[in-house]
Structures are given as C-alpha cells and as structure tokens.
Amino acid sequence: MSKKGSKNKKNRIEIKRETTGVTSLSIEEQLKEQIEAPMVRLRYACAIDVMQAKLRMMNVDLTEQKSRQVIRNMSSRIKTTDSIIKKLIKKERKITFTEAVEALNDIAGIRVVCYFCDDIYEVAENIKKQKDLRVLKEKDYVKNPKKSGYQSIHLIVGVPVTYLEKTEEIRVEIQIRSFAMDYWAELDTQMCYKKDAGQIENVEREIKAYSDVIAGIDYQMLELRRRIEKM
Ligand code: 0O2
C-alpha cells in the first residue's frame, strides 16, 4: 500500500474512534475483554465442535460411498480480537462487541479442504441438507473467483448449540476448497493477502495468473480421476 493509502486508513481508524466517543485504548480493551471472555469463546468453540463433528460424520459416509477420502483435512479458528477490529473498520462499523457479533459472520470459522474440486460441491450440498442447520449465506468464489484469484465456497451456517435450558444459534463460516485452491490461498496469504505486496500491480497480475493455472490443473486431475473411475 502507498504511504497515502496507509495514511487514509489511519485517518479512518481515528474517525471511527472519534465517532464512538471513547478513547482508542479503551475501545480495543473493552472489545478484547468481551470477545475473550471465557463464556463467549466457549460458545464459539462449542459451535465449531458441533459443526466439525457433523463434517467428520459426513466424511465417513462419503468415504464409504465413494471408496476414497473426500475431505483431506479440516481446521478451525476463533477470530482474534485484532482481526475483528480490522474487519469492523473495513466494514465501517463501530468497534463494539455488539457490532462484532452482529456484523461479522466469521468469528467462528472452519476450513474444509477436499481432494478434488467436485468434492467441494458435494460437501456444500450435504451441509445444506442437514435439517438442524440454517444456511444463512452462500458465496461461490469458484464459479466467480475474486479479483485476486481466490477460490473457495463460503457457507455461513447457523449452528444450534444446546445448553441446560436453552438452544442458541451461533453463526459459523465454513470455507470449502480443493487441495489445489488451498495451496494457492495459503501461499497468497503468505505473500499478498492483507500485505502491501498484494497492491503492487505486477504481483497482483502474476498471483492471479497462477490461480488460473492451478485451477486448470485441478480440473485436469478431476478429469483424470473420472477416466480412471470408468476403467
Ligand atoms: P482471515 O484471517 O482468514 O479470517 P461477509 O461478511 O460474509 O459478507 P467477508 O467475510 O467480509 O464476507 O468477506 P469474504 O470475501 O466473503 O471472505 C473473507 C475471507 O475469505 C477472508 O477472511 C479470507 O479467509 C478469505 N479470502 C478472501 N479473499 C481472499 C484472498 O484474496 N486471498 C486469500 N488468501 N484469502 C481470501 P478474513 O477475515 O479476511 O481473514
């Protein structure tokens, strides 16, 4: 990012702070205290556990059905307070706990990596079929890749978490991608995404071109698997 860009960003942060009328330190400290409260983290952690258990069961069934592994690996995370603050600023929202819970769909996140690019649709469809889950939002960055070249399916699902006397729906973002899409995204995160290098025109063009090449290979591997299955 240029010096001007980073100055603008700093100004935006200052404006946000002014509009909330609280000193910068206390805004961040308050949010940190609330987001990192054990009961809050536990709620998100439980939602992740419930969803991951469902995905593991799904993988067992799909593996049996197809006689091959469908999900290669899964990972999860609860968004850090710093990352929550950055995203609230990007979305031009106030930096408060209520805004974070309301505006952000990905405080709890799961990443599902499948071997092949057709598997990701199978997993997404199976998630949508689960009667006790509510799919709140779906983004297909495979059919419509981002300008950067990023590909993935994103589902925002409401996961029911049951306590002693009540059931609460907690939003979890599930990113579903192929092994090849994940390879690109991981390297992009290391080199470009959220980094200054991502703004350099040549770098931007080159990383997007690699995404196209990798997508081509991903598709050829799928075709090869299909030919082998027919033999
Ligand atoms: P992190 O650190 O991975 O959590 P929504 O609020 O649901 O409408 P959102 O989340 O604002 O949508 O945006 P989007 O683009 O649907 O999803 C954002 C997430 O996708 C990012 O999360 C990344 O994980 C991933 N992502 C999006 N674009 C790129 C990209 O160009 N490169 C890479 N490597 N990943 C990307 P966060 O919160 O930005 O980061």
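## Terms and model

A residue is buried under 20% relative accessible area, exposed over 50%, and partly exposed in between, using a 1.4 Å probe and protein chains only. This is a predicted model, in which local features need pLDDT of at least 70, side-chain atom pairs count only at pLDDT 80 or more, and totals for chains, interfaces and linings use all residues. Residues are numbered from 1 along each chain as its sequence is written, and side-chain values use heavy atoms, with hydrogens and water left out.

## Overall layout

The protein chain has eight helices and five strands. Helices (H or I, at least four residues) and strands (E, at least two) are DSSP runs, numbered from the N terminus. In order from the N terminus, the elements read α-α-α-β-α-α-β-α-β-β-β-α-α.

Of the 231 residues in the protein chain, 38% are buried. Contact here means heavy atoms within 4.5 Å. Take the contacts between residues at least 6 apart in sequence: 64% of them join residues at least 24 apart.

## The nonpolar cores

In soluble globular proteins, nonpolar side chains tend to be buried together. A nonpolar core is a set of buried Ala, Val, Leu, Ile, Met, Phe, Trp, Tyr and Cys residues joined through side-chain atoms within 4.5 Å. The largest one has 46 residues. Met-51, Val-112, Val-123, Ile-127 and Ile-176 have the most contacts inside it. Helix H3 (residues 38-66) gives this core its largest share, eight residues. A second, separate core has eight residues, among them Ala-180, Trp-184, Cys-192 and Ile-214.

What does Ile-176 contact, leaving aside its neighbours within four places in sequence? The list is Val-112, Cys-114, Ile-120, Val-123, Ala-124, Ile-127, Ser-152, Ile-153 and Leu-155.

Helix H3 also holds Gln-52. Is Gln-52 buried or exposed? Gln-52 counts as buried because its relative accessibility is 11%. Beyond residues up to four places away in sequence, Gln-52 touches Met-74, Ser-75, Ser-76 and Ile-110.

## Around helix H2

Gln-34 lies in helix H2 (residues 24-35). Its relative accessible area is 35%, so Gln-34 is partly exposed. Gln-34 and Thr-96 are 62 residues apart in sequence, yet their C-alpha atoms are 9.1 Å apart in space.

Glu-36 sits in the loop between H2 and H3. With 34% relative accessibility, Glu-36 counts as partly exposed. Its contacts, leaving aside neighbours within four places in sequence, are Leu-31, Arg-41 and Thr-81. The side chains of Glu-36 and Thr-81 also make a polar contact of 2.6 Å. A polar contact is a pair of N or O atoms within 3.5 Å; within protein, one must be able to donate a hydrogen and the other to accept it, and residues adjacent in sequence count only if both atoms are side-chain atoms. Glu-36 and Ile-78 are 42 residues apart along the chain, with 10.0 Å between their C-alpha atoms.

## Glu-168 and its partners

Glu-168 lies in strand E5 (residues 167-178). Its side chain makes a polar contact of 2.7 Å with the side chain of Arg-43. Another polar contact, of 3.0 Å, joins the side chains of Glu-168 and Tyr-163. Setting aside residues up to four places away in sequence, Glu-168 touches Arg-43, Val-159, Pro-160, Val-161 and Tyr-163.

## Aromatic rings

How many aromatic pairs does a search of the whole structure find? The search finds two. Rings of Phe, Tyr and Trp (its six-membered ring) pair if their centres lie within 6.5 Å; planes under 30 degrees apart count as stacked, over 60 as edge-to-face and the rest as tilted. Tyr-115 and Phe-179 form an edge-to-face pair, 6.2 Å centre to centre with 80° between the planes. The pair links distant parts of the chain, 64 residues apart. Tyr-115 is in the loop between strand E2 (108-114) and helix H6 (119-129), while Phe-179 is in helix H7 (residues 179-191). Tyr-115 is partly exposed at 33% relative accessible area, and Phe-179 is partly exposed at 38%.

The charged end of Arg-225 sits over the ring of Phe-116, 4.7 Å from its centre. For this, NZ of Lys or CZ of Arg must be within 6 Å of the ring centre and within 35 degrees of the ring normal.

## The ligand site

The ligand is surrounded by 20 residues, each with a heavy atom within 4 Å of it. The closest are Lys-79, Lys-137, Lys-146, Asp-188 and Tyr-193. A side-chain N or O atom of Lys-87 is 2.7 Å from an oxygen atom of the ligand. For Lys-194, a polar side-chain atom lies 2.9 Å from a ligand oxygen atom. Thr-189 has a side-chain N or O atom 3.0 Å from a nitrogen atom of the ligand.
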